[in-house]
Amino acid sequence: MPNVPFSDDEIERGRKLFASDWRFVAAAGSLAVLPAMQGIEIAFAGRSNVGKSSLINALTGRNALARTSHTPGRTQELIFFESDGQPILVDMPGYGYAAAPKAKIAAWTGLIRAYLRGRTNLARVYVLVDGRHGLKSADAAVLDLLDEVAVSYEIVLTKADEVKPDALNTTIAAVTAAVRKRPAAYPDVLPTSARTGAGVADLRAAIARLLAEKQ
């Protein structure tokens with residue numbers, strides 16, 4: 001469960017937010033081809049095998065909106081999705097995939113850093129962390145970057161269905177304690193499972209709450 005429970009109204013607003021028809025807008029492998037800034041953007045970051053695309057599909061109720069792959073590191077661009085009158089969702093390149101060429105990793109890192117620094121309409125980054133393992137060094141490096149550029153972020157645990165309840169609660173407590181020491185982190189941690197749908201309604205509600213605060 002999230003640290004701050006969501007009201008029935010927030011759960012319903014989150015459901016409505018993601019009930020409309022989401023679609024692919026653009027893929028940007030460089031700053032030169034980034035879409036123009038308009039409206040509020042919500043980005044999703046995470047290690048290459050954390051289940052980011054699966055969670056975006058679960059959020060939007062679409063089986064194949066975000067491309068999933070058994071090959072880590074396949075998403076090499078910033079992928080933009082939108083729905084009429086709703087925020088734009090951004091699927092960021094996965095990080096921490098050691099087998100990728102160093103030049104490619106450097107290009108991804110440069111793109112991500114530049115995007116985070118210059119995207120003034122970016123409301124929050126949801127950093128996905130594998131609930132089976134908790135925070136790793138690759139995650140910490142990205143959190144350091146988000147703190148450096150002062151972009152608000154929140155931790156979302158994935159694959160929570162693959163962890164026993166006591167172990168999951170221990171991971172939630174450890175991650176919560178770690179992020180509460182960080183200046184740009186939102187203090188709550190959301191456990192989710194794209195496979196079972198657990199926590200997806202809470203994540204939708206969290207995004208709906210964020211949008212209400214921004215508006």
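**View 1. The buried residues of helix α5 are Leu-168, Thr-171, Ile-172, Val-175, Thr-176 and Val-179.** Buried here means under 20% relative accessible area, exposed over 50% and partly exposed in between, with a 1.4 Å probe and protein chains only. The model is predicted, and local features need pLDDT of at least 70, side-chain atom pairs count only at pLDDT 80 or more, and totals for chains, interfaces and linings use all residues. Residues are numbered from 1 along each chain as its sequence is written, and side-chain values use heavy atoms, with hydrogens and water left out. An α-helix has 3.6 residues a turn, so residues three or four places apart point the same way. On the other side of α5, Asp-166 and Thr-170 are exposed. The buried residues of α5 pack against α4 (137-149), β6 (153-158) and β7 (185-191), where contact means heavy atoms within 4.5 Å.

**View 2. Helix α5, residues 165-179, is seen along its length.** Its 15 residues reach 21 Å from the first C-alpha to the last, close to the 21 Å expected at 1.5 Å a residue, the expected span being 1.5 Å times one less than the number of residues. Helices (H or I, at least four residues) and strands (E, at least two) are DSSP runs, numbered from the N terminus.

**View 3. Helix α2 (residues 52-60) packs on helix α6 (residues 200-214) at an angle of about 80°, with the axes 10 Å apart.** Axes are lines fitted to C-alpha atoms, for helices over the stretch in contact, and angles run from 0 to 180 degrees between N-to-C directions. The angle makes α2 roughly perpendicular to α6; angles under 35 degrees count as roughly parallel, over 145 as roughly antiparallel, 65 to 115 as roughly perpendicular and the rest as oblique. From α2, Leu-55, Ala-58 and Leu-59 meet Val-200, Leu-203, Arg-204 and Ile-207 of α6. These contact residues divide into 6 nonpolar, no polar and 1 charged, where Ala, Val, Leu, Ile, Met, Phe, Trp, Tyr, Cys and Pro count as nonpolar, Asp, Glu, Lys and Arg as charged, and the others, Gly among them, as polar.

**View 4. Helix α2 is largely enclosed by the rest of the structure, because 7 of its 9 residues are buried.** The buried residues are Lys-52, Ser-53, Leu-55, Ile-56, Asn-57, Leu-59 and Thr-60, and they pack against β2 (41-46), β4 (88-91), β5 (122-130), β6 and α6. Just after α2, Gly-61 takes a positive phi of about 70°.

**View 5. The axes of helix α1 (residues 8-17) and α6 come within 7 Å and cross at roughly 95°.** The two helices are therefore roughly perpendicular to each other. Among the contact residues are Glu-10, Ile-11 and Arg-13 of α1, and Ala-201, Asp-202 and Arg-204 of α6. By class, this contact of α1 with α6 has 8 nonpolar, 1 polar and 5 charged residues. Ala-201 is partly exposed, with a relative accessible area of 35%.

**View 6. Ala-150 lies in the loop between α4 and β6, and Lys-159 in the loop between β6 and α5.** Ala-150, although not a glycine, has a positive phi of about 60°, and this residue is exposed, with a relative accessible area of 61%. Lys-159, also not a glycine, has a positive phi of about 60°.
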